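Hi there,

Here is the structure I promised to pass on. Have a look at it below, and then read on for what turned up among the aromatic side chains.

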Amino acid sequence: ITSGVPATLEAILSVNENSSDIVNLHDGTITGNISLLSGTDSLNWTGGLLVGDAFMGTGSDSITVSAAGYTGTNRFDGGDDLSGIDGQVDTLTFSGLSAAIDSTLLTNWEQIVIESGSTISFTDMMATAGIAGEAGMGLITRAGGTLNAAGGLSVAGNLLNAGATTMQNSTPGDVLTVSGDY
């Protein structure tokens, strides 16, 4: 399913179970939730608006968000759980945008990735990704990406930092806590 022209879809979008589904939102508006059920599914949000949430179901799923319309208020659920041991690795990627996100809206992701050109902060000063100590899983900053932890941040899981983590603000005493590996 691809939205490439200005249009509005008002529905709960639910695609085939046990298949590999791809939803591309390039322009227009989807009003309602996206449920991609089981399978290896992808949501690529590069433009337009999503006025609803995305539920990915079981399987190794991905959501990539680079749309200027993203405000940090959509619920993104990766599906099965936080562990990749079962072979299902769900990846949420932020690319080329800045956002302040309530981490309780991001559930069941083995990997949350901050790509080049992105600055991401968590308004509730918490982030959960993957299982602490599980290799390759967790909150990941890539080269050119920035995790803004000003005010403090508690990461449940690993923090894999190849980008920048900043705690710079005018208030002393900020603390970054990582329950897994750094």
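Trp-45 is buried, since its relative accessible area is 1% and the cut-off for buried is under 20%. Please keep in mind that this is a predicted model.

Searching the whole structure turned up three aromatic pairs. In one of them, the ring centres of Trp-45 and Tyr-70 are 5.7 Å apart with the planes at 85°, so this pair is edge-to-face. It brings together distant parts of the chain: Trp-45 belongs to strand 7 (residues 42-45), while Tyr-70 sits in the loop between strand 10 (62-65) and strand 11 (76-77), and the two are 25 residues apart.

Tyr-70 also counts as buried, at 5% relative accessibility. Its ring forms an aromatic pair with Phe-94 as well, and that pair is tilted, with 5.7 Å from centre to centre and 35° between the planes. Again the pair links distant parts of the chain, from Tyr-70 in the loop between strand 10 and strand 11 to Phe-94 in strand 12 (residues 91-94), 24 residues apart.

And is Phe-94 buried or exposed? Phe-94 is buried, with a relative accessible area of 0%.

Best wishes

Conventions:
Residues are numbered from 1 along each chain as its sequence is written. This is a predicted model: local features need pLDDT of at least 70, side-chain atom pairs count only at pLDDT 80 or more; totals for chains, interfaces and linings use all residues. Side-chain values use heavy atoms; hydrogens and water are left out. Rings of Phe, Tyr and Trp (its six-membered ring) pair if their centres lie within 6.5 Å; planes under 30 degrees apart count as stacked, over 60 as edge-to-face and the rest as tilted. Helices (H or I, at least four residues) and strands (E, at least two) are DSSP runs, numbered from the N terminus. Buried means under 20% relative accessible area, exposed over 50%, partly exposed in between (1.4 Å probe, protein chains only).
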